[in-house]
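Here's a quick briefing to keep beside the viewer. Have a look at the fold, then read on.

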Amino acid sequence: MEMYQHDSARVFRFVLRGALEGRWVQELECAWITATSVLNGKDLDVDTSGLTKIDETGVRLLSRMRESGARLTAAALAESPGLARLLGIPEARPISRNYGMHTRHWRLLSLA
């Protein structure tokens with residue numbers, strides 16, 4: 001995974017690329033803890049657009065970051081259901097199947 005940190009006058013931003021799993025979750029957590037010491041009223045943004053994979057510990061960490069005030073963003077639709085939930089993207093699930101024609105119909109689920 002690649003993790004970039006950008007510090008400006010109003011925003012501290014993490015840009016994440018690759019797989020957020022295993023030791024990289026710990027690396028991000030340590031960087032986050034360090035960053036909180038220099039925020040001094042700045043917004044904290046986490047750009048998740050470049051994530052290709054995320055495990056449950058990664059989802060939990062991003063959830064904790066969000067609950068503490070960080071804003072999670074993504075330029076593209078998240079592929080991970082856990083990350084999609086964190087970003088507020090409704091999940092889809094099949095409502096009917098026609099195995100003879102291999103068709104599926106999808107319905108968006110509300111997170112409310």
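This is a predicted model: local features need pLDDT of at least 70, side-chain atom pairs count only at pLDDT 80 or more; totals for chains, interfaces and linings use all residues.

Numbering runs from 1 along each chain as its sequence is written, and side-chain values use heavy atoms, with hydrogens and water left out.

**Whole chain**
- You'll find three helices and six strands, counted as DSSP runs (H or I, at least four residues, for helices; E, at least two, for strands) and numbered from the N terminus.
- Along the sequence, the pattern reads β-β-α-β-α-β-α-β-β.
- Of the 112 residues, 30% are buried, meaning under 20% relative accessible area with a 1.4 Å probe, protein chains only.

**Helix 2**
- Helix 2 takes in residues 56–67, 12 residues in total, and reaches 16 Å from its first C-alpha to its last, close to the 16 Å expected at 1.5 Å a residue (the expected span is 1.5 Å times one less than the number of residues).
- Gly58, Val59, Leu61, Leu62 and Met65 are its buried residues. They sit on the same side of helix 2 because they cover an arc of only 165° around the axis, taken from the directions from the helix axis to the C-beta atoms.
- Just after helix 2, glycine 69 has a positive phi of about 115°.

**Aspartate 45**
- Aspartate 45 belongs to strand 3 (residues 43–54) and is buried, at 5% relative accessible area.
- Beyond neighbours within four places in sequence, aspartate 45 is in contact with Val11, Phe12, Arg13, Phe14 and Arg71 (contact: heavy atoms within 4.5 Å).

Definitions and conventions. Buried means under 20% relative accessible area, exposed over 50%, partly exposed in between (1.4 Å probe, protein chains only).
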